[in-house]
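Thanks for taking a look at this one with me. Please keep the structure open beside you as you read, and look up each residue as it comes along.

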Amino acid sequence: ASRQAQLGDAAGAAATVAAAQAFLSPRTLHKLGFTGSNMAVFIDALRTYTAMNIAYEHSDLGTTRRIGRDTLARLQAVEPRGSVDTSLKNNLLEALSDFEGHAEYGLRNFAAAAQSERAALKVIKAGARRDVRHQRNVAQIAIWLSMALAREGKGPEAAQTIGPVVTMYRALAKKNHGDQWLPLELAEGLYAQSLTDAPHRAALLHEASGLVDHLIPAIARLHDTREWRARIEQAQRRAGGIRLD
């Protein structure tokens, strides 16, 4: 359903959500013995994640933030009972905190956005995975954290956060053999770095714009991609100045 929403298929997303709700109905959860359990909270949080995703793809940032806050509060209260509970809780805390950070950033609540992204980054860095996919997931959160810090006026910390991210993406780009998402992720990192590096801002934005211009159509037309293009273009129009608003 989240992917359908990302693709702009609102009707398809709604149908998938309805099917999931019917499959995991309160009656089914009761039969499985999940009523009142940690698993019931996790399942509800997964539903919330989908709802947040759909709201975000419709640019409804207020709803995205509201339902995220409520669910995160319930998740924080869960006491894990074993490794499965711990893993599920942490994965959900990461995903929901990151989405909440996106919404706060869009609402220009930059301190709150940084707080949410810090929480997401802390959880994901505590995980055991260290493969390239994990590194890129960490980098995506760090990009939003750096952006929020830059908007807060915390330039040095923002630069310190985004520097290693761009270095990693540039290294990956040199040996890329067809990953179509990588250019967009690098463009996002370059945009974030441009907020911290005034002398090279125009060049960084020009490079980011070029990467976005050459994305495959399936990625270029996504809501999220259009948002990134708009950010980059707006920043380019202001590249001659020092304002970050």
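1. First, some ground rules. This is a predicted model, in which local features need pLDDT of at least 70 and side-chain atom pairs count only at pLDDT 80 or more, while totals for chains, interfaces and linings use all residues. Residues are numbered from 1 along each chain as its sequence is written, and side-chain values use heavy atoms, with hydrogens and water left out.

2. Let us begin with a pair of helices. Helices here are DSSP runs (H or I, at least four residues), numbered from the N terminus, and strands would be E runs of at least two. Helix α2 (residues 10–23) and helix α4 (residues 38–57) have axes that come within 12 Å and cross at roughly 170 degrees. That makes α2 roughly antiparallel to α4. The axes are lines fitted to C-alpha atoms, for helices over the stretch in contact, and angles run from 0 to 180 degrees between N-to-C directions. Angles under 35 degrees count as roughly parallel, over 145 as roughly antiparallel, 65 to 115 as roughly perpendicular and the rest as oblique.

3. Which residues of α2 and α4 make the contact? From α2 come Ala13, Val17, Ala20 and Gln21, and from α4 come Arg47, Thr50 and Ile54; contact means heavy atoms within 4.5 Å. By type, the residues of this contact divide into 4 nonpolar, 2 polar and 1 charged. In that scheme Ala, Val, Leu, Ile, Met, Phe, Trp, Tyr, Cys and Pro are nonpolar, Asp, Glu, Lys and Arg are charged, and the others, Gly among them, are polar.

4. Now to the salt bridges, each a side-chain nitrogen of Lys or Arg within 4 Å of a carboxyl oxygen of Asp or Glu. The whole structure has 10 of them. One of these joins Glu104 to Arg65, with the closest N and O atoms 3.3 Å apart. Glu104 lies in helix α6 (residues 83–106) and Arg65 in helix α5 (residues 61–76), so the pair ties together parts that are 39 residues apart in sequence. Glu104 is buried, at 2% relative accessible area, whereas Arg65 is partly exposed at 23%. For these words, buried means under 20% relative accessible area, exposed over 50%, and partly exposed in between (1.4 Å probe, protein chains only).

5. A salt bridge also links Glu100 and Arg69, at 3.8 Å from N to O. Glu100 is in helix α6 and Arg69 in helix α5, so this pair ties together parts 31 residues apart in sequence. Glu100 is buried at 9% relative accessibility, and Arg69 is partly exposed at 44%.

6. Another salt bridge to find is Glu185 with Arg136, whose closest N and O atoms are 3.0 Å apart. Glu185 sits in helix α10 (residues 182–194) and Arg136 in helix α8 (residues 132–152), 49 residues apart, so to speak linking distant parts of the chain. Both Glu185 and Arg136 are buried.

7. Leaving aside residues up to four places away in sequence, Asn38 touches Val78, Glu79, Pro80, Arg81 and Asp85. The side chains of Asn38 and Asp85 are joined by a polar contact of 2.8 Å. A polar contact is a pair of N or O atoms within 3.5 Å; within protein, one must be able to donate a hydrogen and the other to accept it, and residues adjacent in sequence count only if both atoms are side-chain atoms. Glu79 belongs to the loop between α5 and α6 and is exposed, at 59% relative accessible area.

8. Finally, look at His223 in helix α13 (residues 223–237). His223 is buried at 10% relative accessibility. Its side chain makes a polar contact of 3.2 Å with that of Ser59. Ser59 lies in the loop between α4 and α5 and is partly exposed at 45%. Most residues other than glycine have a negative phi. Ser59, not a glycine, has a positive phi of about 60 degrees.
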